[in-house]
Amino acid sequence: MDLTTFLQQLINGASLGSMYALIAIGYTMVYGVLRLINFAHGDIMMVGAFFTFMATAAGLPFTLAVLLGILGSVIVGVLTDKIAYKPLREAPKISLLITAIGISFFLENLFNVIFGGVPKAFSAPDYLTKIFHLGDVYLPITVIIIPIVTVAILSGVLWVLYRTKYGMAIRALAFDIPTVKLMGIDADRIITLVFALGSALAAVGGIFYAVSYPSIDPLMGVIVGLKAFAAAVLGGIGSVTGAVIGGFILGFTEIFVVALFPELGGYKDAFAFFFLILVLLFRPTGIMGEDLERSRF
Amino acid sequence: MLELKDLTVHYGVIAAVRGIDMKIEPNTIVTLIGSNGAGKTSTLNAIVNSVKKKGTVIFDGKDISKEPTHQIVQDGLALVPEGRRVFINLSVDENLRMGAFNNDENFERLRAEMYRLFPRLDGKKQQLAGTLSGGEQQMLAIARALMSEPKMLMLDEPSLGLAPKIVGEVFEIITELKKSITILLIEQNAFAALKIADYGYVLENGSIALEGESENLLGNDEVRKKYLGG
């Protein structure tokens, strides 16, 4: 592989890894506070992409459409918690998990009924379809924008988690819900905040995905969601930094495996899960995870 | 300040607290003593509604029996839970911030006050609470509860597992607090508790077996035999 190809793939990997990282954070934060693998999270990403699609189809400017997409995801994500998960706070964790899978099927089929299963072309505005050439490196503008926006968003999330009282409450909640209530804090409001934050990030990931590939369908969240979940476990479920690291590792691996072994291209999706199995075998707590019972942000 | 009427707590078919009545006057220290399993912690958890209960709890003239835990704390009734329960993954400073979650405007002032009241914590502001000693964690747990400027503070076994010297320090601070707030103190260390309290209740198998002025309980033969080691 020459330098040009290497740079090209590095940038592609960073772009793909960004999407995984954005979605993985939602998995890891919800797991951190509720000990729930929210299997509907991948579909929340799809919801964000569809809301954005509908808004652009209605003729709204792209920026506004993106904001509506994020808002749509946040509303659906928070409602999922309020309607499906909240009544089960005291129930066994397995009930919660099965409910999450049910919500996932529900969202996929709901959107299938409304929009049909045929992939829809996602039309991004012209300024997002530009392509630059840097020597022989081929740079669609999205590939540059996605990692930059992602890093900015991630810095914002870390700032919220470590510098604001709400972030501290999220971290405290991951450790001890009853004691958080003794601080006069409405724990359910903090959990709502976690779902809102995670869903917003998933929506951004979904919109990036829609712009990059450029098509969307009601099942788009399934594989991407599963891979983001693998990234969260790889990085250490419950750790936000871990989710980001896991997301980028997965993004780079997927791109480089295809670049180095083009004949294995058809198996690229399998690599995420191959990695997941390896990690679970040798380091069940993931890269940044310290203790499964006491996950930390 | 706080009144319990016919408070009952059941865990399944087992009754932990069997219809107790208590009354706590403002600016006093009241202690609830009793052996392990007598129902002391269940009583406190029932007051703040973190376990299911029957009966009435009146705090500061308001019926709080049905209020959610966080609302009760916002009303001015704070609890330092058994086993301290500091947030071990947060720093000392962040623990104090959590205590003042609904008290933003007074946070800075109260924090300075807490470091003065608990000089042992002063040099460890940025340290994770999990790395503190047991005594320091207990002091942090009390300081954290005080950050909400409660009208009344309930302490669940603050001396548990601490060295005698530290227990002395903690009890001195509790006595100091009495000047400004009402305190309900739960202790297995009945002697130390009765010495600083104004009034005491003795809990046995979920019922109040005895109550009275602390001096009277200290002089009571039955209490001496059962709880004060002779």
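The model is predicted, with local features needing pLDDT of at least 70 and side-chain atom pairs counting only at pLDDT 80 or more, while totals for chains, interfaces and linings use all residues. Residues are numbered from 1 along each chain as its sequence is written, and chains are lettered from A and ligands numbered from 1 in the order in which they are written.

**A helix pair in chain A**

- Helix α5 (residues 141–163) of chain A packs with helix α8 (residues 187–212) of chain A at an angle of about 175 degrees, their axes being 11 Å apart; helices are DSSP runs (H or I, at least four residues) numbered from the N terminus, and axes are lines fitted to C-alpha atoms over the stretch in contact, with angles running from 0 to 180 degrees between N-to-C directions.
- α5(A) and α8(A) are therefore roughly antiparallel to each other, a term that applies to angles over 145 degrees.
- On α5(A), Thr142(A), Ile146(A) and Ile153(A) meet Leu201(A), Val204(A), Phe208(A), Val211(A) and Ser212(A) of α8(A), where contact requires that C-beta atoms, placed from the backbone, lie within 7 Å.
- The residues of this contact divide into 6 nonpolar, 2 polar and no charged, counting Ala, Val, Leu, Ile, Met, Phe, Trp, Tyr, Cys and Pro as nonpolar, Asp, Glu, Lys and Arg as charged, and the others, Gly among them, as polar.

**Chain A against chain B**

- In the contact between the chains, 16 residues of chain A touch 20 residues of chain B.
- The elements giving two or more residues to the chain A side are α6 (165–175) and α7 (177–181) of chain A, and α6(A) provides the largest share, 6 residues.
- By class, this side of chain A has 8 nonpolar, 2 polar and 6 charged residues.

**The domains of chain B**

- Chain B is divided into domain 1 (2–76 + 150–227) and domain 2 (88–149), with bounds that come from an automatic or database domain assignment.
- The centres of domain 1 and domain 2 of chain B, taken over C-alpha atoms, are separated by 23 Å, and their contact takes 11 residues from domain 1 and 10 residues from domain 2.
- On the domain 1 side, α2 (69–74) and α7 (164–177) of chain B are the elements that give two or more residues, and the largest share, 3 residues, comes from α7(B).

**Helix α1 of chain B**

- Helix α1 (residues 40–47) of chain B is mostly covered, with 8 of its 8 residues buried, that is, with 20 or more other C-beta atoms, placed from the backbone, within 10 Å of their own.
- α1(B) is followed by Asn49(B), whose phi is positive, near 65 degrees.

Notes. Parallel < 35°, antiparallel > 145°, perpendicular 65-115°, else oblique. Contact = placed C-beta atoms within 7 Å. Buried ≥ 20, exposed ≤ 12 C-beta atoms within 10 Å, placed from the backbone.
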